[in-house]
Amino acid sequence: MFRRKFALFMAMIMLLSVLSAFAEIPPEIPVPELTGMGVDDTNSTEIDAYKKGYAAYVNAYFIDSQQTTYSRDIGRMGALGIVHKKGDMNFNAGNSITKQDLVEYLVRMSGREGQVMQGVINQAGGMGDAAVENLTKQAYVDDAIGQGLITAEEAFGLNQPVDKETTAVWIARMLGLQATLQNTDNIYSFGDWPAITPSNRGLVETMITEQIMAVDNDGNFNPKREITRGEVAYILNSTIDRMYGALGVTSNVGLVIGEKTSNVQETGNIIDEKRFVVRNMDGTLTTIVTKDNKSNNARNDFVLFKNGIVNLSKALKTGDQIEYLIRDGEVIFAEVYDDGSIQEQIKRQSDYATDTNIYYGYISKKIKEEKTENGNAFEVDRLRTTIYNGLVFDIVVDNNLNTGIRNDIIVYKDGNIGGVDLLEEQDVVEMLVQNEENIIYVRVTEPSQGQVSGTVRFVTTDQETGTSMVTIFDYSDQIKKYEVTNYAEIVINHEIANISDLKYGQDVVLSITNGYVTKISGETFINPGFIPDYSKMRIGIVSYVDDYGNMKVKYDDGVYETVKTENTATVIKGGNVINVRAIMPGDNVKIYFNDIYSKQASLIEVEGKEQLIQTVYRGYIQDVNVYRGEITIVEPAILNNAQWMTEDQPYSKTFELDDEIPMYVRGEQITITDLSKLYRQKPVYLAIRDDYSIEKVMQVSVAVGGEHFAIDRIESIDKVIANFELEDNNRNVAYNEGTIFLKNSRLVDPSNIDEKDDVIVVSDYYKGQDNANIVRITSDAERIFDNIYIGAIENVYGYTFNLKNHATISGNEWGDVSESKSGMFYYFNNLDIIDITDKTDFKTLPSYNFYHGGYSRLENENKTGPGLDYYRYYTFFVTDDDRKVIGMNIRHKALLDGQKLDTVETKESEIKKELDKRLAGLVLTRGSIVEFNDTYQRIIITDSHDWAEDYGRWNANKANSAVEYRDAIIIKNDKRIEREDLKEGDYIYVLRDDEDALVIFVEEN
């Protein structure tokens, strides 16, 4: 809608010729509007503040700890109850902490406070205060020993100060960290490393490596130095997020966009209620409700840390960016960040979105308005804004006086963060706009402007994002590439033009603002885009294919481009013309064009089976010969049928390594020299393809930790931080450029993985993080089974027929059998129909005989036998997208071999039930042909997966599968083929009844 508004407004601007490009338009003339992210607190999640919020505040407030080095850490630890106030209003952060205090902090942080206190209550009957205090201290110590936080031998001198080494070891145990026994470079870089107890060096190394603790200013660790209470608060606060699960705490971050105070009545009491509306980072809304009951002093509130001071919610204001913690459904703590970090996170999220654009301009006028809408009174801030090519729009912020909600915008100015109140007339601004309607942020900046002149080399536009890039050869003989703003004014030969009108070799002048093209002026009186047919060619790897066959391709230079293929492009693979939809992510392609600028492909050549990844090896690096370019692994194993199959012979294997082969260690690209020097004896994974009978390495991934193997489904994925969570075991796994991503036996981009994908994941666990070495995507993205139909033939006409008791498969799941008549299906003269009624004598039926041979229901009257009045023909068949039949089997009186329908049942409704039952028992299988047994007419399939309807996923089989092909319709390249046309290595999709294949699709080549 915003684009349409801009288009209309552009026309209006052209008509108002009296206005110059940057002239101010009077406020009474309407222009397109951009608003803040609209909110409605009725759709928000409502959370009460902590019912003991004031008590938590008292425990968290220490007089000597406000606006000091450790004030933030002490405040949070106090609010969460990790630190307990013991009568003194001071924390004494500079004093040494005792072992007893540290033990108590760790037990509370591990979520065991409730159990300890319950144990004390159970034993403290009749005891005096001193005895209860001693009992409580011992209970903490006993619990710490029971958890393994400390040993019984360490439970001495508990009233004495604890040293830095002991602190590191105890905290590491609480966090569940493992000792680092190799690569202990940090420890041995300390001048005082001999002073660290040998048995503790591994845990100290881990604490340093994880950046939980650090060396002192003198460059030593100083293991025996007494550690202070403030230091411990800092360390615990820096790791508290790791313990949120044990504490039952969840964290969220967002921006306070509204607050409303009101008086409500509850059971006769007057309660002051305040509601804070928070826009969370993920776009959701949360309303935090605080309550102050004046009658009984009950207060639902939360501890707030703001400006270095521990406070209550009263200090929270609209525009504050906060992190807030929730426990037992109540907000217990919030912290206001004044460094812009949360807004920066929101901005970074927006930067990755495909529906955002950056605009540059200046504020020409600030206007205050009032309005009434739906019974609500509003104050409106309207900021007229002019962008650099002369277009004008209004930034509009509504302040609802009834609800207190203000749909404000994040504004960055002079190091400050706030709303549009910060903006002044003539401020130069950068604006991030979402969906062409909502402003996410405004940044006041000094523009960097200039002009670049040259000739056009390339113009590309991403079809998904709409982002255009122009590459020119400037008059300093330099190649330069710029992103074009989607509002850029383009003028060619003094006329308004489009980005697509730019041609190769055309002279242009680019106006550049902050690195973005805001205007293009050019002249041309020829058509330099014309070239001989197919004379422009690019080579790349397919990243994505949409429903229309358009491809996103990654070229050799790393640049992505969307290539149009619909309708006109010829696609060739293995000498055969194939459908463009048969192209898959990971395919290597050559793309030919008839125009130097056009993205419309005229010819596509797809590399054949030699590109497929036949094998993935695992082994241990025995030797790397840099000069010969070879790697030798021992204990080789092959990823087969969702498990590693170890080869007994040979014990070692040697592979060639080209200079171009990507080699990675946890996402960091390495060289063959690095591989030789640093990673011998390490586990390694090799993706192999058969390059004319030679095993060729295509990608190398080296592991540094222990292997995890999972057959699972992606529950959630964050492509910004390259991390996904597995559904069954809730494990988070990171991925990177070094991860070997496989789909349909092809190496594919990480972008091909999505939520709900079924995967086999091989990862290495190191320093608390799973890193994916291999991700095999087993989801069926092709929906290849969708054009299969079954039913009882009702009427046959000259080139059409229809069904009753019919059903089809969609999304890998059968629909209910329908007793009504189906729509028409089409058949033509080149269709051979196979009558498989007699399994010892299949009959091939030309389409002419199908019409003239009595296959309609009414032509098959039952004159003497039991069952229905008519013995029908049942059919399995496959169509193209236009319902044209390309393969068809028929069977008299029943659908499946051995089934009895028309001769037994007397009602159509009973046949429907039987068909529904049998269809529910059919199985979908996919995998690669590894062997044929023609004696028994069987195909052996390896790396096979069965579709599990209950879970909506492909489950990997741990053994080879076998299917009988005797009754099967075999389809390849949209044509029916024979068994002889199948080959070992073909990837197939099978619809089967137990072991009897009914339909086999062969991946097109």
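This is a predicted model: local features need pLDDT of at least 70, side-chain atom pairs count only at pLDDT 80 or more; totals for chains, interfaces and linings use all residues.
Colleague: Where does Lys843 sit, and which residues is Lys843 in contact with, leaving aside neighbours within four places in sequence?
Modeller: Lys843 has its place in strand β51, which covers residues 843-846. Its side chain also makes a polar contact of 3.4 Å with the side chain of Asp841. Once the neighbours within four places in sequence are left aside, the contacts of Lys843 are Ile833, Ile834 and Asp835.

Colleague: What separates the C-alpha atoms of Lys843 and Asp832?
Modeller: Along the chain, these two residues are eleven residues apart.

Colleague: Now to Tyr826: which nonpolar surface patch includes Tyr826, and what is its accessible area?
Modeller: Tyr826 lies in strand β49 (residues 825-826). Its relative accessibility is 33%, so Tyr826 counts as partly exposed. Tyr826 forms the patch with Tyr797, Tyr799, Met824, Phe828 and Tyr851, and together their accessible area is about 570 Å².

Colleague: Which residues touch the most other members of the largest nonpolar core?
Modeller: In soluble globular proteins, nonpolar side chains tend to be buried together. Here the largest nonpolar core has 67 residues, and helix α7 (residues 164-175) gives the most to this core, with seven residues. Not counting residues up to four places away in sequence, Leu236 touches several residues, including Met77, Tyr105 and Ile171. The members that touch the most others are Met174, Met213 and Leu236.

Methods:
Residues are numbered from 1 along each chain as its sequence is written. Side-chain values use heavy atoms; hydrogens and water are left out. A nonpolar core is a set of buried Ala, Val, Leu, Ile, Met, Phe, Trp, Tyr and Cys residues joined through side-chain atoms within 4.5 Å. Buried means under 20% relative accessible area, exposed over 50%, partly exposed in between (1.4 Å probe, protein chains only). Helices (H or I, at least four residues) and strands (E, at least two) are DSSP runs, numbered from the N terminus. Contact means heavy atoms within 4.5 Å. A polar contact is a pair of N or O atoms within 3.5 Å; within protein, one must be able to donate a hydrogen and the other to accept it, and residues adjacent in sequence count only if both atoms are side-chain atoms. Patches are made of residues with over 30% relative accessible area and no salt bridge: like charges are joined within 9 Å, nonpolar side chains (Val, Leu, Ile, Met, Phe, Trp, Tyr) within 5 Å. Accessible areas come from the Shrake-Rupley method with a 1.4 Å probe; for residues, only the protein chains shown count as cover. A salt bridge is a side-chain nitrogen of Lys or Arg within 4 Å of a carboxyl oxygen of Asp or Glu.
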